Amino acid sequence: MPISTKVLVANVSEMDDKVGQCLPGHELTFVRSMPEAMRALRHDGYQLIVIGLEFDEHRMLELLQYVRSLPRYSAVPVVCVHAEYLNLSDAVMKNIDVAVKALGGLAFLNLGDGVLNYKKDCAFLDRVAIESGQSVRPN
């Protein structure tokens, strides 16, 4: 039986289909603003959090810091993502990945169309979701 993980996705609506393709069968809750994300996080139960670079006027790192400040989400994986809306160089992508990891995130993935690592990054995101759905966290 496939694992269905409860995932909070904080991103722009243009990314819904892309994230949905990477996370088939998981329970996705989409939020569009920082206040909406903060309200959603008050309810325990998210096993994975996905934050887009474009979320709420580029507040990805701010939301990541907020998530990490919440004790109930200290062990929940956070994966940050980017799509084709901004054409970022490899150096910029690497620097953002370093910042995401420094703040407690798992990775910064590029889910843009035509990206060489798209299938690998999408599979990585799904694997993280499956693994997080299998772990049982105390409340």
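Analyst: Happy to! Let's begin with Arg32, which makes a salt bridge with Asp16, the closest N and O atoms being 2.5 Å apart. A salt bridge here is a side-chain nitrogen of Lys or Arg within 4 Å of a carboxyl oxygen of Asp or Glu. This pair joins distant parts of the chain, 16 residues apart: Arg32 sits in the loop between β2 (27-31) and α2, while Asp16 belongs to helix α1. Helices (H or I, at least four residues) and strands (E, at least two) are DSSP runs, numbered from the N terminus. Arg32 is partly exposed, with a relative accessible area of 31%. For that scale, buried means under 20% relative accessible area, exposed over 50%, and partly exposed in between, using a 1.4 Å probe and protein chains only.

A word on the ground rules. This is a predicted model, in which local features need pLDDT of at least 70 and side-chain atom pairs count only at pLDDT 80 or more, while totals for chains, interfaces and linings use all residues. Residues are numbered from 1 along each chain as its sequence is written, and side-chain values use heavy atoms, leaving out hydrogens and water.

The whole structure has 4 salt bridges. Among them is a linked set: Asp56, Arg59 and Glu62 form a network. Arg59 reaches Asp56 at 3.1 Å, N to O, and Glu62 with its closest N and O atoms 2.8 Å apart. Arg59 is partly exposed at 27% relative accessible area, and so is Glu62 at 38%, whereas Asp56 is buried at 19%.

Asp121, in helix α5 (residues 118-134), is buried yet has no salt bridge; the nearest side chain of opposite charge, Lys120, is 5.0 Å away. For charge, Lys and Arg count as positive and Asp and Glu as negative, with His and the chain ends not counted. Beyond its neighbours within four places in sequence, Asp121 is in contact (heavy atoms within 4.5 Å) with Leu109, Asn110 and Leu111.

Back in helix α1 (residues 16-22) you will find Cys22, which is buried with a relative accessible area of 2%. Not counting residues up to four places away in sequence, Cys22 touches Leu111, Tyr118, Cys122, Leu125 and Asp126. A nonpolar core is a set of buried Ala, Val, Leu, Ile, Met, Phe, Trp, Tyr and Cys residues joined through side-chain atoms within 4.5 Å. The largest one has 25 residues, of which Ile49, Ile51 and Leu63 touch the most other members. The elements giving two or more residues to this core are β1 (6-10), α2 (34-41), β3 (48-52), α3 (60-69), β4 (78-82) and α4 (90-102). A second, separate core of 19 residues includes Val7, Leu23, Leu48 and Ala129.
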